[in-house]
Amino acid sequence: MLQLTSFAGEIPKLTPRLLPDGYARMAKNCKLVNGAIAPFRLPKTYRETASTTKTFYKRGSVWFEWAALVDVVAAPIADNRLYVTGDGAPKMIVDSSTVYPLAVPTPASALTATVTGTPDSDTQESYLYTYTYVTLYDEESEPAPASSEVLRSPGMDVSITGFIAPPTGRAINRYRLYRSQTSATGATEFYFIDEQLLPVPSTYVDTVEGNPIQEIVPSLSYNPPPDTLQGIIALPNGIMAAFDGKKVYFSEPYIPHAWPEKYVLTTNYNIVALGVFGQSIAVLTEGNPYVITGTTPDAMIMERLEVNYPCVAKRSVVDLGYSVAYASTDGLVVISGQGAQLVSRKLINRDDWVKMAPASFICSQYDGRYMVNYDYVDHDGNEQKGLLSLDLSGEQPFISRLDLFSDFMFFEIGAGLLYLKSGQTVTIFDAPLQPFMQMTWRSKTFAHTGGINYGAILVDAEDISDVAQTGLPELSIAAGTLVNATFPTSDSGLAGDLAPPTGLTINVYSDGIKTTSLTTVNSVQRLTSGFLARFWEIEFVGTLQINAALLAGAPHELAIGLHGAQQ
């Protein structure tokens, strides 16, 4: 007897005869999440994009589109801001449409400080001045170069000139003025003395005694991000990271416009993409991958992983929460707290992986699965394209194929929705209440040492398209045939016999030839007899959920198998 009571997807690396029980030689449009086989639902049309759109992003009800492949992260505090790289210089988007450069301009030249009169050499002190620009959003620039030294005695005013009006286009609305103070140990720092709304003055008079020093200038190392910064990601503790060439940059915590050069870490290879898992960053390069760990940007530690797994496609990189997955030359790699693992080693051989052109992969996630759009031309000149769903959660990963393809995908974490873009049309993947896709699931090849004949089959299936049932009908034996028993629909009574669900074709293959095709489920059905075969396969085509399948030599044997499967 053959019993299939738990189902999984394909393992292309293995021949159909060597697959574990319950795995498939073909799993198309199959949603394999709970041991049963269920069909995915058809995508639902959501909206149309502009003809030039390559990337989109959804924040609540607000929709954003770009004509370039960009990276987008939300602000760590402000709910109305996004940060974008890949569309020219890094940018900040406020609300739905106000776009600014991420960099806050630094005052270009030093101030000039003078006093009237001659300081008393016995009481004179030395002062330096600088100033910063501040935006409407409380972002403060790096300070201007320090002024030349000015000497003054108590009671003397200092006249400060040389202020430069800030450039437009960055919502700068005020400036802050700082004066130096030297401590008893000889350390000189700049301290805040005043803040004024724009416009900048032609001359500012510092009475010194009337402007007591306050906090130290906080933005001394607030270097603006490079114009070529890309691959921005958000880390815990309000930190952002991005890269430029071989350099990894970090922002100040909760200050996304400040990217101090002192925090930069450098790899040996050009960086392709970054990913986040836990408190760590996966740095994916054209050579070895790296892992950076730390909770503050000044304490980041970078380790090169001693594996030759270069990243071949930026758009293959997916944050799975517990790990980061990406396409390499050898297969699919997952980086986690356990290091880098070639998880496709048990799934697909290297030659078949290379044939799929992993450099062209477009990937995302859905329900914890790694989703891969592929598009390549095989050795016969035929275009092969589609969508793969890779389950990496168990000891043995597996694949389910889908009759879908998209040129961009976006996973909305808060809603758990995956959006697919094909051309200008955006759809929601596996959308609730949509009709089911037609699935095909074909079992492994069950091989026997000699020829046998299976004479009966029972498939436990149900229709999950309508209102969910409170329980499944129990199956029982009567006169050698399995039938549906009545079951309670409420505490007050019993329903009549449940009509058998429709929407499934069951095909049985013997030595590679289809010998039986049936459409009846939840009752014993006889198979074609009068022959012996060594190799047997079962195939399901349709829209019903399959919970179990039993194949036996005779109907009465199914009673024994059924009761064993239910225990």
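I count as helices the DSSP runs of H or I with at least four residues and as strands the runs of E with at least two, numbered from the N terminus. I am working on a predicted model, where local features need pLDDT of at least 70 and side-chain atom pairs count only at pLDDT 80 or more, while totals for chains, interfaces and linings use all residues. I number residues from 1 along each chain as its sequence is written, and my side-chain values use heavy atoms, with hydrogens and water left out.

**Entry 1: the backbone in some loops**

I looked up N237, which lies in the loop between β20 (230-234) and β21 (240-244), and noted a positive phi of about 65° although N237 is not a glycine. A171 also has a positive phi, of about 55°, without being a glycine, and its place is the loop between β16 (158-161) and β17 (172-182). In the loop between β18 (188-197) and β19 (203-206) I found P199, which a cis peptide bond with omega of about 10° joins to L198.

**Entry 2: the whole chain**

I noted two helices and 50 strands in the chain. The radius of gyration (taken over C-alpha atoms) is 33 Å, well over the 24 Å that the globule rule (2.2 Å times the number of residues to the power 0.38) gives for 567 residues, so the chain is more spread out than a compact globule. Along the principal axes, the C-alpha atoms fill a box of roughly 120 × 55 × 45 Å.

**Entry 3: E139**

I placed E139 in the loop between β14 (129-135) and β15 (150-152). Is E139 buried or exposed? I found it buried, with a relative accessible area of 4%, where buried means under 20%, exposed over 50% and partly exposed in between (1.4 Å probe, protein chains only).

**Entry 4: the nonpolar cores**

I looked for nonpolar cores, sets of buried Ala, Val, Leu, Ile, Met, Phe, Trp, Tyr and Cys residues joined through side-chain atoms within 4.5 Å. The largest has 55 residues, and V459 and F540 have the most contacts inside it. A second, separate core of 18 residues includes L111, Y133, A144 and I160.
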